[in-house]
Amino acid sequence: MGIAVSPSIHSAAASFISKRGQILINNKWQDAASGKTFQTFNPATGEVLATLAEGDKEDINRAVAAARKAFDTGAWRKMTASERGRIIWKFADLLEQHTEEFATLEALDNGKPISVARVADVPLAVDLLRYMAGWTTKIEGNTIPISVPYAPGAKFLAYTQKEPVGVVGQIIPWNFPLLMAAWKLGPALAAGCCIVLKPAEQTPLSALRLGELAIEAGLPEGVLNIVTGFGETAGAPLAAHPDVDKVAFTGSTEVGKLILQAAAGNLKKVTLELGGKSPNVVYADSDLGKAIPGAASAIFFNQGQCCCAGSRLFVEKSVFDKVVDGVAEHASKIKVGPGLDPDTQMGPLVSDEQFSRVCSYLESGRTEGAKAVVGGKRKGDKGYFVEPTVLVNTKPNMKVVQEEIFGPVVTAIPFDDPSDLISQANDTMYGLAAGIWTKDISKAHRTADQLKAGTVWINCYNIFDAAMPFGGYKQSGWGREMGHDAVDLYTEKKAVCTML
Ligand code: NAI
Ligand code: MG
């Protein structure tokens, strides 16, 4: 039951939260097979926000069976690509029509500023669905001129076709609950797959509301099933399920490795979008009027809970103090508050667990000798707020430099030798993203070429688009989200060869 929701909030969001969240299987909402429930919390207050069905292995089994039936014999596979595209487009329209409701759900459940959810999370999710709706009619194969040396004189027609990979399990995190759902659902639906989605236990609300809209948009039964619950009891059986053809995961690198092991049972396909410790490089010849606010927003956006956060800020020595002071000044001016407050620029961290994790990194930085130029501790005494923090005096082997903090904490590191910069910037197990700030275009592209990262932003940061692939090198993951690469990763390619 919904609790602690002020009457002034968007009424549709309030009434949605006040219902008990259920599991979606075969377009029917239902309690968990076990009857168990769990609660989510408002990160701005720590108070209970909503009660939800706690799905486990049995619910996953039922959801996978529904998806399997829909894939093997249901209406979805019989539809034309154009019909499938129109349903996804309608899904996007419905989401757009409910922008304010979704922005409210995200602000309450995740804690993020409603002003940001309104202009970023929801519109990006809408745009992603529209982009993917367009792909349904463009998933093409090739004709191939084959030569076959042992069949002299024979003629063949050889072609490929791309088919949906089948039943897919999708496990998503809590940092962009709606957007991560859209990134996963869009390409899978475009390819014609059937889905079991497991939202993060901290932030399941927007995914459930999305489930309602998917039915309204006309998705046939069994195409999208949503099981709420915990990682170990709902996520793990989904990743291990023998009747799931692919699992797509976004979250920690640690759990990514568990997913991979679980997938080994039936060798299901795997895509992973994992952690990061992204370098953001400011050269002395950059436009500091842009680089300084850019570096601040690279780390502080979404409370630092971004897999691609610019968390290691490398600054050329001659401008180091100026850039650090500038970023610290930005940090000190950020208005930290509850996500629903229209003036809030930074909300609380998502959960008690994440709050403790980030605070323990701040403690570790202090003990190992790093210095906080600004921030460095909890903000207030209620909710999961942490001060935007800039750390200096770090050493390359410190935990705060090596590990993903996933909070509003940046380590600023001076450099003077460009080749030393590249080896330091690449000295991480991750390879998700990187930023470069300079007016010298040759230097910018030379640096971009040398950085081991799936995305490199030059004179900008955190620019996302449905058409631009996003994903990691090294331990930041396998495969790509968005763009046509994402659609490809939900298909199998069949070669057909005919002797004429
Ligand atoms: P997590 O990786 O445990 O959770 C992400 C999702 O995986 C959730 O839906 C969770 O229920 C599920 N999950 C957890 N254990 C599972 C298992 N054994 N099998 C299948 N599914 C499982 O991430 P967590 O604990 O919330 O955050 C820990 C750290 O992970 C963060 O501090 C951050 O460093 C990183 N992270 C990275 C994200 C990214 O966008 N790449 C997003 C969230 C967290
Ligand atoms: Mg975890």
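**Glu140**

I looked up Glu140 in this predicted model and found it in the loop between helix H6 (114-135) and strand E5 (143-144). Helices (H or I, at least four residues) and strands (E, at least two) are DSSP runs, numbered from the N terminus. Glu140 counts as exposed because its relative accessibility is 56%; exposed means over 50%, buried under 20%, and partly exposed in between, with a 1.4 Å probe and protein chains only.

**Conventions**

I noted that residues are numbered from 1 along each chain as its sequence is written, and that chains are lettered from A and ligands numbered from 1 in the order in which they are written. In this predicted model local features need pLDDT of at least 70, side-chain atom pairs count only at pLDDT 80 or more, and totals for chains, interfaces and linings use all residues, while side-chain values use heavy atoms, with hydrogens and water left out.

**The sheet at E5**

I traced an open sheet of three strands, ordered E5-E6-E22, with antiparallel pairing. E5 and strand E22 (491-499) are the edge strands, each with a single partner strand, so one side of each has no neighbour in the sheet. Two strands pair if DSSP finds at least two bridges between them; E5 and strand E6 (residues 156-164) are joined by two. Ile144 has Ala158 in E6 as its bridge partner.

**Helix H5**

I checked how enclosed helix H5 (residues 99-109) is: 10 of its 11 residues are buried, so the rest of the structure largely encloses it. The buried residues include Glu101, Glu106 and Asp109. After H5 comes Gly111, with a positive phi near 100°.

**Ligand 1**

I listed 27 residues around ligand 1, the closest being Trp174, Lys198, Glu201, Ser252 and Glu404; a residue is near a molecule if one of its heavy atoms lies within 4 Å of it. Helix H9 (231-240), strand E10 (246-250), helix H10 (253-263) and helix H13 (352-368) each give at least two residues to this shell.

One oxygen pairing is between ligand 1 and a polar side-chain atom of Glu201, at 2.6 Å. A backbone N or O atom of Ile172 is 2.8 Å from an oxygen atom of ligand 1. A polar backbone atom of Gly251 lies 3.3 Å from a nitrogen atom of the ligand 1 molecule. Alone, ligand 1 exposes 810 Å², of which the protein buries 91%; these areas come from the Shrake-Rupley method with a 1.4 Å probe.

Conventions: Polar contact = N/O pair within 3.5 Å; in protein donor to acceptor, adjacent residues only side chain to side chain.
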